[in-house]
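My notes follow in the order in which I looked things up.

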Amino acid sequence: MPVADPLQKCLQEYRRRTPNSRRIHELASRFLPGGNTRSVVYFSPYPFVMKRASGCWIYDVDGNKYLDFVNNYTSSVHGHAHPRIVAAIEEQLEKGWTGAAAMELQHRLAEVICRRFRSMEMIRFCNSGTEATMMAIRAARAYTGKEKIMKMEGGYHGSHPEAEISARPRPELAGIAERPLSLPDGPGIPKSVVKEVLVAPFNNAEAAEKIVKEHGQELAAVIVEPMLGIAGQIPPKEGYLQSLREITEENDVLLIFDEVMTARLAVGGAQEFFRVNPDLTALGKMIGGDLPAGAFGGRREIMELFSPERREFIHHAGTFNGNALAMAAGLETLKLLNASAIDRINAIGEVLAEEVKKIFWEAGIAAQVTGIGSLRHIHFTAEEVVDYRRAMTSNEAASKLLFFSLLNEDVFISPRGMFCISTPMNRKTTEILLEKIEGKIEILKEIVKKGK
Ligand SMILES: Cc1ncc(COP(=O)(O)O)c(C=O)c1O
């Protein structure tokens, strides 16, 4: 039967290329809801199943080889199975990796992180970005004695209840743009949590100031990604983060930067890039060299609340906190991610973003390529994307079409249009992406013409 719709055609081709993935997905669905254990990596009709990965390539169980621009949603900053990270893990494997006692590598990685991130005087390790933001919020509540927090609409901080407020609300249900409603992102979030989380639009310092002033007495912290990540790599406007710093300081509210994604933008993360020091920072993703690890930390007087040497302290446990495999991989990852490596991937990302923009512009397709340095996102909209609601004007069908049509030609970006650069990439790699995008212009024009 002939299939005229370009998206249907792509899906048909995707199914043809991935029969083993489909079979494994169906088997997995018997034991894992949706065949899956990580919502963000699921896409309909079923995600391909990865067999192995090396450098900037992912190999699936169907024999396809993809050029990986997703990089595990930015954590794989050195691509996959970097030989030096493999060697560091292997060396540690022989010595063991967990026990009910700290291993020395934990102290070494803590020192490296504190030296890189200037606002982090002391840190603690956990196992994910979710835990890192959850514990940073806990620290802020303990330190200030206040309970509410403020986050940004579309801001993503993982999957604990506070983080699951207005991370992906439907704009038509979310009230006025300047004072968004706090909406739970799914079932199972207590009303009491919804009440404790205030929501502000990203990149609007005046709106943030109003909320902070109105609720200063009960507000423990403002948590913000210095650049909105999952929402579409939306950079802060000039002076926005500085304004948040001033507003919070003036109202005795702590400022938490969630640098789970942005840590890779400079040696000292986005806080160095934008020259703004938060009180607390949450880290994850690359910090454990692609093994499960997260960290949170900040001003000494706040972090000392965790010291068990105090009479009253914040209890923070975790069977695998600071496990030596993640510490070894993290140390090697950060050693490799020095200033020149960062400059290099940022420069590749800048050039690539300009070239992608040019392709769409010359084709007359309304698209924005947002982001900074190595972190990028394509939005199919004529609007300047400065916040979550603007990102939501993007033509979803066009993103989906681009995603599947690239995947069918062995290039992997995220289904919503995110792509990022890893250190094994070079000009040759980015030329492949450009050439493939150019090849999709005609079908994209069709779908963009149809509108949302
Ligand atoms: C900014 C940000 N914060 C927190 C998280 C949650 O991290 P994890 O998936 O390790 O729990 C993510 C994950 O994508 C993130 O991008």
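Before counting anything, I noted that a residue is called buried when its relative accessible area is under 20%. The model is a predicted one, and with that cut-off I found that 55% of the 452 residues of the protein count as buried.

I then looked up the secondary structure, which comes to 16 helices and 14 strands. The radius of gyration is 22 Å, close to the 22 Å that the globule rule gives for 452 residues, so the protein is as compact as a globular protein of that length. Taken along the principal axes, the box filled by the C-alpha atoms is roughly 75 × 55 × 45 Å.

Next I turned to contacts and surface. Among the contacts with a separation of 6 or more, 70% join residues 24 or more positions apart. The protein exposes about 20,400 Å², and carbon and sulfur atoms supply 52% of that area. I also looked up the charges, and the mean positions of the 56 positive and 57 negative ones are 4 Å apart.

Last, I went to R116, which is found in helix α4, a helix of residues 104–116. Which side chain of opposite charge is nearest to R116? It is that of E272, 7.5 Å away, and R116 is buried yet has no salt bridge; I kept in mind that a salt bridge needs a side-chain nitrogen within 4 Å of a carboxyl oxygen. Leaving aside neighbours within four places in sequence, I listed V267, G268, E272, L334, L337 and I342 as the residues in contact with R116.

Conventions: Residues are numbered from 1 along each chain as its sequence is written. This is a predicted model: local features need pLDDT of at least 70, side-chain atom pairs count only at pLDDT 80 or more; totals for chains, interfaces and linings use all residues. Side-chain values use heavy atoms; hydrogens and water are left out. Helices (H or I, at least four residues) and strands (E, at least two) are DSSP runs, numbered from the N terminus. Buried means under 20% relative accessible area, exposed over 50%, partly exposed in between (1.4 Å probe, protein chains only). Lys and Arg count as positive and Asp and Glu as negative; His and the chain ends are not counted. Contact means heavy atoms within 4.5 Å. The radius of gyration is taken over C-alpha atoms; the globule rule is 2.2 Å times the number of residues to the power 0.38. Accessible areas come from the Shrake-Rupley method with a 1.4 Å probe; for residues, only the protein chains shown count as cover. The place of a charge is taken as NZ of Lys, CZ of Arg, CG of Asp or CD of Glu.
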